[in-house]
2 protein chains.
Amino acid sequence: MHIKKQRLLTPGPTPLLPRALHAMMASDIHHRTQDFIKLYPQVLSDLKEVYGTRNDVLIVVSSGTGALEASVSNFFSEGDKVIVLSAGKFGERWEELAKAFRLNAVTLKAEYGDAVAPARVAEALKANPDAKGVLFQASETSTGAAHDVKAIGELCQSTQALCIVDAITGLGTMPLDIDGWGLDIVIGGSQKAFMIPPGLAFLSVSEKAWQRNATATLPRLYFDLKKEKKMADKGESAWTPNVSHILALAEALVYIKSIGMDKLVENAQLLARATREAAVALGLRLFAPGSPSSSVTAICAPEGMDSGEIVKGFRNHFGSIIANGQGTMKGKIFRIAHLGYFDFPDLFAMVAELEIILASKGIPVEFGKGVAVVQKIYAEAALPALVKA
Amino acid sequence: MHIKKQRLLTPGPTPLLPRALHAMMASDIHHRTQDFIKLYPQVLSDLKEVYGTRNDVLIVVSSGTGALEASVSNFFSEGDKVIVLSAGKFGERWEELAKAFRLNAVTLKAEYGDAVAPARVAEALKANPDAKGVLFQASETSTGAAHDVKAIGELCQSTQALCIVDAITGLGTMPLDIDGWGLDIVIGGSQKAFMIPPGLAFLSVSEKAWQRNATATLPRLYFDLKKEKKMADKGESAWTPNVSHILALAEALVYIKSIGMDKLVENAQLLARATREAAVALGLRLFAPGSPSSSVTAICAPEGMDSGEIVKGFRNHFGSIIANGQGTMKGKIFRIAHLGYFDFPDLFAMVAELEIILASKGIPVEFGKGVAVVQKIYAEAALPALVKA
């Protein structure tokens, strides 16, 4: 059709909160003046509230990978042993980081689409009592699989290992009891459930992690979190901050607080469940049925079809931007995101689009069937009286 | 549910074109400098191209009502006889204007939801050979009914009457052959199919109208179109222009030209047809089945229900802003818009929302049934091979 709105529906960047985007226009302030020094502590405090932790929460100006690097360079020394859970492209990024920073990595692999079971982590911790950290993804964005963060956190608590969680797509899509589960470092990114463009990353740092930091000798300067904390305590950032993004984040955090982080998580979980059930109703196979994440649902392309055809269909027919698989999963899966500023009308439309795309490829589809599944799940959650009657 | 995106889905203001909205941020230019004088003639020229006429096309800084007033004050003298077609709230605005400017109005009324048939206009012109103008709406936004602009234009051509068309919601939603049909004044508004916020109105002015202007004595200053044209010919506006909106309009016109005005019209027509068929499939009654407009579809609330309940349902359950009826139609109808920056995914979602709202009010609804009707119409238009097979 002739009008095709570009809709950014990928698992990062995610749809932007309009009021946060508009706030970026007020960037004509200097970051070493009161204008900024009044703003920044409030943002840090709101971020901490949204993280739901008593730990320090810091902001760095980088992509999520910068914060992953910070979580290595600030807390380890050359040759330290770490246990790396690798279940997808982002697990492999931990492996790369461990190698680049000359850590001694014990890698627990899972097939793409699977998660590493907590029992394997328990075993590895037992076999490697000298392990100084466990590094993993809360939600492996590349496959749509989630790890059991609670179980892994609790396993680390009784050891010297820091529990380091890449929660870049986990925050806001799954419950994360940072203090209760003993999560020492929890990493987030601005372009995910925080609803603003890429450019900022976040880390919560536990007391156990700060103690390790005192003796960790890996080289660091830009990502020196101790310096960042010292400055944050004074209401400033260590280096020049990304002012436009801090302004956007301030708005986004007000919005997230107004909803409640638990409700944001519930929203993603419901959308994820509705997507899974709609996909199955349409005869499609889920890529990570065993431990599905609520940040993104990876769906296998129908037998004999390249998933790129589906991604292209969304873009060419409707202007909707969804994600293909990454690496070796490219062409095999497509990914529907749920993290952050996504709502049910987004999903009604996306599933209606998917049905048309499948039909256009010769797959037998009953129009409206998948949409009806999503509508039913919406109604069960939002209008329980209706469903009862 | 917890995340509800505010979606502005009313027949004006309509959804904004993002790139046009962003362009408004470049408003720090002076309107009597080359920065503006380079921009304005291009905008006027693109607007004329989109209007599809050889007539002059002028911009005034006002709401649409300001341009309606300009079309009276510039072309008539006190006591002039005019024929007013009144088929809704906007037809009544013509009546008010005629009264305020002391014209002698012969009013042809139609019931809300109906249009005035061209035969009645022919009769009135015959009975009133001294009529100096015929004033009417192309699309009566309050009822979703359309007038037969071609027939009425052609009737005026052989008389001294100016054919004055409020096409505020007609432009971009129905074919308007301004030169071929003899439409002397055609009025548009920025917040309609032009996809930008309210603040500007447009008028095309024929040679026949300019000739009348020379002898028209009604008082005017701000809306003096002759002065406006004189300044436009020099690349400027008569009074201080709305710079942000001119910048937005420049972007919107580039976008509309890239699609083509005929395709924009086709887009609205298809969405309107799909909305009508989906409404009927859901057991609802159309308010203007006889001469439905493609700018907005007015749908009757189910028997015994206030249409405000449906409007509230859209807003409270989903954050979607749709229109209630106006005046005495309030509570009886709700209106789904199609003009401008609307696409099929918007409609997939809107119909899915409507189904849930109806169900929540105890109306028996099969989820996905209306959506499937919309999907089918999309597929017929965009994927004809699929439908054949």
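Biologist: Which strand order does the open sheet of three strands in chain B have?

Modeller: In this predicted model, the order is 11-14-13, with antiparallel pairing. Strands (E, at least two residues) and helices (H or I, at least four) are DSSP runs numbered from the N terminus, and two strands pair if DSSP finds at least two bridges between them. Residues are numbered from 1 along each chain as written, and chains are lettered from A and ligands numbered from 1 in written order. Local features need pLDDT of at least 70 and side-chain atom pairs pLDDT 80 or more, while totals for chains, interfaces and linings use all residues.

Biologist: Why is one side of strand 11 and of strand 13 of chain B left without a neighbour in the sheet?

Modeller: Strand 11 (296-300) and strand 13 (323-324) of chain B are edge strands, each with a single partner, so one side of each has no neighbour there. Strand 11 of chain B forms five antiparallel bridges with strand 14 (residues 333-337) of chain B. Opposite V296(B) stands A337(B) of strand 14.

Biologist: How is chain A divided into domains?

Modeller: An automatic or database assignment gives domain 1 (7-13 + 261-388) and domain 2 (18-259) of chain A. Their centres, over C-alpha atoms, are 28 Å apart.
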